[in-house]
Amino acid sequence: MCGIVGFYGKQDAIAIILEGLSALEYRGYDSSGVAILDEKHLLKCVKEKGRLKVLEAVVKEEHMVGSIGIGHTRWATHGVPSKENAHPHLSEDETIAVVHNGIIENYLELKAELVEKGYTFVSDTDTEVIPHLIDLYDEGDFENAVYQALSRLKGAYALGIISSRYPDTFMATRKESPLVVGVKDGEYVVASDIPAILSFTRDVYYLDNHEVVILDKGHLRIQDSQGHLVNKTVTHIDWNKEAASKNGYSHFMMKEIYEQPTAIRETLGRRLDEKGHIHLDGIKLQKEDLEQIDKIYIVACGTAYHAGLVGKYAIEKLARIPVTVDIASEFRYSDPFIDRKTLLIVVSQSGETADTLAALKEAKRRGGRILAITNVVGSSVAREADDLFYTWAGPEIAVASTKAYTAQLVAFYILALHFAYTKGTLTEGGYTDYIQEVEALGTQVEIILSEKDHIQDVARILVEATSAFYLGRGVDYTTAMEAALKIKEISYLHTEAFAAGELKHGTIALIEEGTPVLAIATQDHLVEKMVSNMKEVKARGGYVIAIAKEDTPHIQQVADQVIEIPKTSDLLMPILAVVPTQLLAYYTSVLKGNDVDKPRNLAKSVTVE
Ligand code: F6R
């Protein structure tokens with residue numbers, strides 16, 4: 001949700017800021033802007049509606065030379081996408097510029113107060129109160145003015161602030177929204193996320209809430225909310241720029257779909273000891289702790305929530321602990337049953353999703369133990385959790401999640417197996433068999449990817465459709481939900497997922513001649529029932545596309561198209577079944593001419609509630 005970048009050094013700030021913004025466009029892309037302090041110490045600001053390339057073209061025309069600056073790419077919350085609402089936002093005399101990611105919850109109250117004092121607003125944003133507040137408190141001490149302004153803000157923010165009144169100084173801070181500082185040879189890039197700094201450096205400081213960065217006369221200070229110096233250690237990022245680039249693929253999404261075998265192997269492989277047993281460094285839960293736990297909540301949003309639904313099947317079946325899965329934005333306000341015997345598992349690719357983070361904090365407040373599954377080292381979720389499981393999927397840039405999802409499923413299988421083995425609910429033989437099957441999944445995904453041409457042909461059917469239905473039973477229903485979300489978000493096809501047995505209780509009324517129905521039928525004990533449901537759909541004119549294990553009886557006779565996938569245990573099938581649905585969503589989107597990696601209205605990291 002919005003990306004911010006700031007540069008403080010000796011080089012040309014604009015080039016570094018624009019490159020950083022292009023790596024952050026996944027966070028928002030409806031408008032963008034930059035501001036720099038030029039050679040004459042004057043503040044220059046340019047902003048434009050639309051994609052970053054529109055801004056880049058305008059910046060080229062302007063003479064913007066300077067070595068201190070800030071930039072922003074926006075995902076609109078307050079006010080439509082427009083030049084006026086784009087960041088940076090300026091003080092009335094255009095000497096203070098602010099970029100912001102987050103939401104200032106008390107902005108209306110602050111705006112009324114500032115209007116009363118004679119300030120004029122030119123945008124509909126919440127952010128614009130900030131430069132005015134800094135101006136209000138500025139009595140010749142920039143740092144003090146910023147601290148006073150911060151003390152008035154409620155809500156979430158990551159901020160970058162520069163002012164021509166103080167041309168040697170750059171300030172930045174965060175509360176709930178992420179911010180990192182990249183360092184190299186006395187120069188600094190401040191950004192919402194790592195990809196924005198990778199071409200500059202791989203050495204970073206992760207900022208904690210309320211920490212304030214002050215770059216003054218070439219020196220970096222990090223202070224707490226009281227102005228006390230904070231000692232931080234530099235973290236070296238172990239992935240490089242190439243991992244965050246398309247590397248020859250036409251879209252990040254396709255590259256990430258193809259990275260799934262590696263993501264699966266990395267997520268499992270790093271956890272197996274020489275005996276082939278699971279060893280989890282970040283999980284401190286011992287046998288006694290697990291015996292104390294009487295229920296688990298899994299809380300997440302979107303695709304990560306769907307991973308949680310599969311996690312419930314795995315944990316309940318293998319470790320025999322009851323699991324409730326909830327959507328983070330609902331969980332938080334639901335007065336949940338959390339106490340010291342509750343384990344809350346939060347799942348978040350980015351580790352920065354506002355609703356997930358709020359749910360985590362609420363559960364912590366109520367005494368629950370928190371286990372986080374996340375893909376981003378040092379993210380907010382990672383830092384708040386008691387136990388930590390990193391998915392080693394590498395950076396995920398496409399807005400539609402693919403490899404992070406399959407890595408989250410691997411995480412749940414590993415956790416479920418580890419809990420089961422520790423508690424003694426699974427035999428040694430059952431445990432090692434499952435581990436071997438998880439190890440084989442990477443190769444099985446490669447087999448599915450080699451059939452991509454067939455899936456591309458099937459996508460031609462979906463391109464013509466105005467709506468589609470995705471069906472499954474048991475754990476296949478969770479795959480249907482994830483598959484439907486994927487196609488909705490990138491191909492804008494109205495698609496609903498249903499438990500196949502539920503269709504005849506109402507929704508079947510929507511099936512017409514030619515309506516595409518994707519039936520996921522990978523569960524041995526439910527296949528016959530799925531075949532009956534497919535027949536019901538066929539009898540009403542529906543066009544059935546089935547995803548089934550190879551050699552599944554009767555499927556070929558009933559379905560119009562069959563996508564066959566390799567066999568593994570039914571519990572592990574969601575990893576294999578989801579891959580063709582990702583490719584279907586991808587090809588449908590490409591055939592429709594959509595922007596696959598940056599679908600309309602969306603952003604990758606949802607850091608607002
Ligand atoms: C869909 C998608 C989203 C995210 C959701 C949670 O493809 O990516 O539904 O899964 O916004 O994001 P994280 O996992 O970062 O908390």
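An open sheet of five strands has the order β21-β20-β22-β23-β24, and its strands pair in the parallel sense. Strands here are DSSP runs of E with at least two residues, helices are runs of H or I with at least four residues, and both are numbered from the N terminus; two strands count as paired if DSSP finds at least two bridges between them. The structure is a predicted model, in which local features need pLDDT of at least 70 and side-chain atom pairs count only at pLDDT 80 or more, while totals for chains, interfaces and linings use all residues. Residues are numbered from 1 along each chain as its sequence is written, and side-chain values use heavy atoms, with hydrogens and water left out.

**The sheet and its helices**

At the edges of the five-stranded sheet are β21 (494–499) and β24 (561–565), each of which pairs on one side only. Within the sheet, β22 (residues 516–521) and β23 (residues 543–549) pair in the parallel sense over six bridges, and Pro516 stands opposite Tyr543 in β23.

Helix α17 (residues 527–539) lies across β20 (467–472), β22 and β23, and runs at about 170 degrees to β22. Helix α19 (residues 573–591) lies across β20, β22, β23 and β24, running at about 135 degrees to β24.

Another helix, α16 (residues 475–491), contains Thr479, which counts as buried because its relative accessibility is 0%; buried means under 20% relative accessible area, exposed means over 50%, and partly exposed lies in between, with a 1.4 Å probe and protein chains only. Leaving aside neighbours within four places in sequence, Thr479 is in contact with Ile520, Pro574, Ala577 and Val578.

**The surroundings of the ligand**

Around the ligand there are 15 residues, of which Ser348, Gln349, Ser350, Thr353 and Glu489 come nearest; a residue is near a molecule if one of its heavy atoms lies within 4 Å of it.

| Residue | Atom of the residue | Distance to a ligand oxygen atom |
|---|---|---|
| Gln349 | backbone N or O | 2.6 Å |
| Ser350 | side-chain N or O | 2.6 Å |
| Thr353 | polar side-chain atom | 2.4 Å |

Taken alone, the ligand exposes 410 Å², and the protein buries 89% of that, with accessible areas computed by the Shrake-Rupley method and a 1.4 Å probe.

**A covered strand and a loop**

Strand β10 (residues 187–191) is mostly covered, since five of its five residues are buried. In a regular strand the side chains alternate between the two faces of the sheet. Both faces of β10 are covered, with Glu187, Val189 and Ala191 buried on one side and Tyr188 and Val190 buried on the other. Strand β1 (residues 3–8) pairs with β10 in the antiparallel sense over four bridges, and the bridge partner of Tyr8 in β10 is Tyr188. Strand β9 (residues 180–184) also pairs with β10 in the antiparallel sense, over five bridges, with Val181 opposite Val190.

Val230, in the loop between β13 (219–223) and β14 (235–236), is partly exposed, because its relative accessible area is 23%.

Conventions: Contact means heavy atoms within 4.5 Å. Axes are lines fitted to C-alpha atoms, for helices over the stretch in contact, and angles run from 0 to 180 degrees between N-to-C directions. A polar contact is a pair of N or O atoms within 3.5 Å; within protein, one must be able to donate a hydrogen and the other to accept it, and residues adjacent in sequence count only if both atoms are side-chain atoms.
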